[in-house]
Amino acid sequence: MKNLLAASILALSAGLAGQAFAEPVKIGMITTLSGGGAGLGIDARDGFMLAIKQSGNKDVEVVTEDDAQKPELAVQIADKMVQSDKVDLLTGIIWSNLAMAVVPSVTAQDIIYLSVNAGPSALAGAGCSPNYFNVAYQNDNFHEAMGEAANKDYKKTFVMAPNYPAGKDSLTGFKRYYKGELAGEVYTKLGQTDYAAEIAQIRASGADSVFFFLPGGMGIAFTKQYAQSGVDLPLLGPAFSFSQDVLPAIGDAALGVKNTASWSPDLDNETSKAFVESFKAEYGRLPSVYAAQAFDTANLILAASAKASVKDKDAFRAALKAADFKSVRGKFSFNTNNHPIQDFYVREVVKDGDTLTNKIVGTAFTDHKDAYAADCKM
């Protein structure tokens, strides 16, 4: 098995190694590397840079800066990267409020932006752009998948998310497919760490389950406080609430929790297996869904750059749209609004030896498209 994985890693690296680019490519990566959301940005950066390293291509340069999860700082960095650093492409933003501050401005300047994570609904529908490619998902998607999966076992779910674009998209997505009753619907403060009041509401709600979207430090705080509260209702979430970057901090309180994602470390395809092994070898930890999405984004850029000059925007956009790369998700294609068409899985948090991780236990959607593409007039 080790020899097979080693061969797969070599093949993954060799697929793009040595391919000459039509033009050198300079990429600006704006991501969160400090503060409570740093784990997400670090995983995205590491997944992206692993793909660049594996390609062995010397024609690509990546300029990385920390947005500290502040929209105004992200805007300043984007302006500097476009005007002073003269980047050809931008990527890296994790948080939807930062994406909404940056993406419309840079795409209007004819700069192509590729999302490794944030997928606000406003950029998938009427606000779509030929210069905006989301290589991750549209914000509603993971939550839609859990709404569909929850129908099998639950009839009265309490739902909760932070009060920012991704939080609103999350509950919209869950409700789009969930057929049961809502025991309560609460929007928390972005960055909140004390959930005593919300847990009291859950306790009094009569719910039979709790669906929550709280990425990064927010999810760590809520899940630990919930486990200590004595409230004995099943927790449900998207992958972000139980991704590999937060599981070590949550600990055994996460065991058995169901969550939904487009990728999991145990996904059974050779590209994914090779990615997991090479990420572990490079960084000494399992990759999260953030790392997987960023790895795919870098490999998409590399594949497109081997086909077309980044200076020829029409040709380069067409090369990106073709999505001719090996995705860790297996099959991958873009819809008309440049958002993915992909499968979504139900995962369960398990222990592999001493390591908490996720295991696929079902499929929620096959070839799923987002709900906003019809409003995109490209």
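These legends walk you through several close-up views of one predicted model. Residues are numbered from 1 along each chain as its sequence is written. Because the model is predicted, local features need pLDDT of at least 70 and side-chain atom pairs count only at pLDDT 80 or more, while totals for chains, interfaces and linings use all residues; side-chain values use heavy atoms, without hydrogens or water.

**View 1. Cys-128 and Cys-376 form a disulfide.**
Look for the two sulfur atoms, 2.1 Å apart (a disulfide is a pair of cysteine sulfur atoms within 2.5 Å). The structure holds 1 disulfide. This link joins distant parts of the chain, 248 residues apart: Cys-128 lies in the loop between strand 4 (112–115) and strand 5 (132–134), and Cys-376 in the segment after strand 13 (355–368). Strands here are DSSP runs (E, at least two residues), numbered from the N terminus. Both cysteines are buried (under 20% relative accessible area, 1.4 Å probe, protein chains only).

An automatic or database assignment sets the bounds: domain 1 is 2–137 + 266–338 and domain 2 is 141–261 + 344–371.

**View 2. Asp-367 forms a salt bridge with Lys-331.**
Their closest N and O atoms are 3.0 Å apart (a salt bridge is a side-chain nitrogen of Lys or Arg within 4 Å of a carboxyl oxygen of Asp or Glu). Between domain 1 and domain 2, the count is 1 salt bridge.

Terms used:
Helix = DSSP H or I, 4+ residues; strand = E, 2+ residues; numbered from the N terminus. Buried < 20%, exposed > 50% of the residue type's maximum accessible area, 1.4 Å probe, protein only.
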